[in-house]
Amino acid sequence: MAINLRTAAVETREQRLGTITAWDEGTAAKLAEQSEYSRGCGAGCGVGNKGSKLCELESPFTQGGSCAEQVVQGQASGILDAVLVQHSPIGCAANQPMNNTNFRNTLARRGMAVRNSLALSTNLTERDMVYGGVEKLQETIREAYRRHNPKAVFIATSCATGIIGDDVETAAREVQEEIGIPVVPVFCEGFKSKHWSTGFDAIQHGVLRQIVKKNPGKKQEDLVNIIILSGTDVYTPMLAELGLRANLVLNLATIEQLEQMSEAAASVSFCYTLASYFTAALEQEFGVPEIKAPQPYGFAGTDAWLRAIARATNREEVTEAYIAREHARVRPIVEELREQLKGLTGYVAMGASFAHGVVVVLRELGIDVPGTLVFHHDPVYDSGAPERDTLGHLVEETGDVENFTVGIRQHYQFYNLLQRVNPDFIVIRHGGLSPLASRLGKPSLQLGDASFPLGYQGIINLGAEILAVLGQKKFHEDLAAHSSLPYRRSWLDEKDPFALARAAVA
Amino acid sequence: MVVALKERGDGLPGAAEQSGPIEQLRYACSMGAMQTAAAIPRVIPITHCGPGCSDKQHNALTAANGYQGGGWGGGGVAPSSNATQREVIFGGTDRLEELIEATLKILDADLFVVVTGCIPDLVGDDVGSVVRGFQSRGAPVVYAETGGFRGNNFTGHEIVARAIIDQFVGAYDGEREPGLVNLWSLLPYQNTFWRGDLGEIKRLLEGIGLRVNLLFGPDSGGIAEWKAIPRAQFNLVLSPWLGLETAAHLQEKYGQPFLHIPLIPVGAKAAGEVLREIAAFAGVSERAEAFIAAEERTYYTYIEAFSEFYSQYRWGLPARFAIAADAAYALALSKFAVRQLGLLPARLIVTDNPPGEYRDAIAAEFRALDHDTEGTVEFLEDSYLIHQQIRSAAFGHKPPLILGSTWERDLAKELKGVLMEIAFPASYEVVLTRSNVGYRGAITLLERIYSTTVSRTA
Ligand code: SF4
């Protein structure tokens, strides 16, 4: 499963890992078993040629999702001293306002000066579709450089530029020579991958190829790369306890921080969906070890995660002391929370490995989790390390999840999924599905801050937040009594969220 | 991979058409007009495009812009073909057909509007023939070709309106009803306050004795109103340019006259003038006078109360303003600021890229802000350039009032000004029924401007 940094475009997730976006055959254990880090379900119908081959449902009815370009936009425009150029008609850039609210709020959470995010669209029009957009691209890169004097420019390609065949690689190289800073093309045409998480791989691929120092002068033995999403910095204080420094990337990082990734002692993350490519490539190409452990959720996961970091950096003793202190601090509070949360049922809906972690935390709090929806499934992560089998870890540590579903954030299916389990509340990340839960009288806990549920403190955070969210029940129940859904009766009566998909292959 | 761009019937724009880069965009692409469809009660857009297009357009318009909510059938409900490699290489008409078929099974709406993104428009999907197949079965589906490279959501809006008129409303040769008017005004969702504003405009028109096909928003009667379009006495285009193309089309199609008033009235002065002009055109002048008199009584009671603050506040009120908004709001709010609040224009910027043929007329409207105040409007869409222009404007020694969007947050801090988010994207506002137009909206706007001013140093 070697990573190939020679080509400008990253291989998609489905090609590398056999990623699927629709599966509904029952329990989490069954999916973990079928994945089993490359065994497959045996039917061999998946598209992956390197990961395992899982059978995937395909529905004739689909609602809008997200695309790799959208992910790249969020990631690249969050690099503090770089500028993103979106090479596309204006619509691909329409995510800028939403992105900007995330950017501004994260800056505030991290205690940095709040400002707008930086991205320019090449604003391609009909004429460019005929004559090509390369000139406009080069002019926009120069303009980005003149305006903002950045340390690097990232280019996000789009469906349109992919179809008309603009030579973005050459265009970027030419301007790079001219202006003397890295100009990094990131190939992320939305139609090329069925799952948006390929966007993480695409931007990481670009950073690895053109930003990370190829020949690091010195190793920084106390520096750990942490691959994050937008949220509070819980890492710096945590790692300081172990005598380590956190190099937080890519979100709100500087180009200098990205350059020095190859000097770090190890790379780690809270979410292997996000970090799969980065950490594996850093190990393979730059010799920076990937921390091979479960994700840091719940006591057992966090213990194992910290111990793996400790081993890689020779800090076992301080780490054990820290773990003991944190257990002593957190356990009694969690006991209290368990008391208050007794008898509750929760449903989790979010990106794959993040969901695996959050289910663990809910169960740590004594909450029943009979159902989970993940927006895609990677049967394996890039390094193939079995310690990173997040779904397997979930099942082994906390037991099975009876109704485990892979579905790409489909509003219409969420209705039937909730009918299966009738939870008291939903824990969710991403927009789109909570409004449906609302209309059914269910409150949602939006995990906007990605750091929120992780580590020991994360167990307390999540518990306290659930108590707060339950208070919103009155609002949602009132709404449910006064609103309608746009679905036909026949669909609302349907028990199987994948009925259309199964009928299509029957 | 290169796929040949198929020939299109409607020709290409001339080489003169050029557009520069855009930083911090102030509108969505033509497919953003999915929310034009969703703005009609019980109508659902079907988006035929890549996997991220729909999400981006509706998130921008309905979430990061006043957190308005995507509507009953818009936002995350809207079906999307989520085109993949397969649809790019082999074409997406089969996929679209499958999607529409499934949509009819699952969703229950009065009308479905297929809008297309870049992919089908580039690979040349014959969307028309797919949709006509459903139409011939009597399914309520129309299509609009709105590929993102064709324009922005303003022009997309007119493409969608026309699609519904031509493919759903259809021919009509019956009588016209005196006193019934079709309203073409603000762009739904793009304008953060469209629901409240359309509601207030409807109240005014009904006040002078007209009946209104409002066409969009919670105060509209949905597709029954669209079916009634040809019956109206006339079309009222209440905006500098948006809606003119639709009105011209209706004139040609149904022989229906239209009245074009570029100014959406804000405040009693403008409301009185505009309502008198409409009333004269419609032949309902008498009713209008009584209504205007009653509204003015209330309006000026509040203005009188406000004057105690306005004349006595000790800690500085803005004297000059800059505005960066779409043509409709830029004109409407500027006139109100100048004529009724006594503010002077420091910078006037129109951001919605009005088609070239309308620009002289728009500029003329701004030149005549008041009998003693001339304004010079600039047409800019790139926020970097917009900010440069505002930065270099002369605001005198008072705090600048900036009527703009979230993009101006940092600039307002830098200039120590007062920012009112009245334009897309308004991400620090939660907006439901609030309105800035007519009599009531003007008072609300005034409240907000001065609340923001007095709380600036809180
Ligand atoms: S055109 Fe392609 S890249 Fe652009 S938003 Fe749509 S799916 Fe994403």
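How far apart do the C-alpha centres of domain 1 of chain A and domain 2 of chain A lie? They lie 26 Å apart. The model shown is predicted, so that local features need pLDDT of at least 70 and side-chain atom pairs count only at pLDDT 80 or more, while totals for chains, interfaces and linings use all residues. Residues are numbered from 1 along each chain as its sequence is written, chains are lettered from A in the order in which they are written, and side-chain values use heavy atoms, with hydrogens and water left out.

**View 1. The two domains of chain A.** Chain A is divided into domain 1 (68-210) and domain 2 (220-316), with bounds that come from an automatic or database domain assignment. In contact (heavy atoms within 4.5 Å) are 23 residues of domain 1 of chain A and 23 residues of domain 2 of chain A. The two domains bury about 2000 Å² between them, 68% of it on carbon and sulfur atoms, where buried area is the accessible area (1.4 Å probe) that two parts lose on being put together, summed over both. On the side of domain 1 of chain A, the residues A:R110, A:Q204 and A:L208 lose the most area to domain 2 of chain A, together 34% of what that side buries.

**View 2. Polar contacts between the domains.** Across the interface of domain 1 of chain A and domain 2 of chain A there are 0 salt bridges, a salt bridge being a side-chain nitrogen of Lys or Arg within 4 Å of a carboxyl oxygen of Asp or Glu. The same rule-based search of this interface gives 6 residue pairs in polar contact, both at pLDDT 80 or more; such a contact is a pair of N or O atoms within 3.5 Å, and within protein one must be able to donate a hydrogen and the other to accept it, while residues adjacent in sequence count only if both atoms are side-chain atoms.

**View 3. Chain A against chain B.** This contact takes 67 residues from chain A and 76 residues from chain B, and the area buried between the chains is about 5900 Å², of which carbon and sulfur atoms give 58%. In chain A, the residues A:E126, A:R147 and A:I163 lose the most area to chain B, together 12% of what that side buries.

**View 4. A salt bridge between the chains.** Between chain A and chain B the count is 8 salt bridges, and the side chains of B:K56 and A:E69 meet in a salt bridge at 2.4 Å, N to O.
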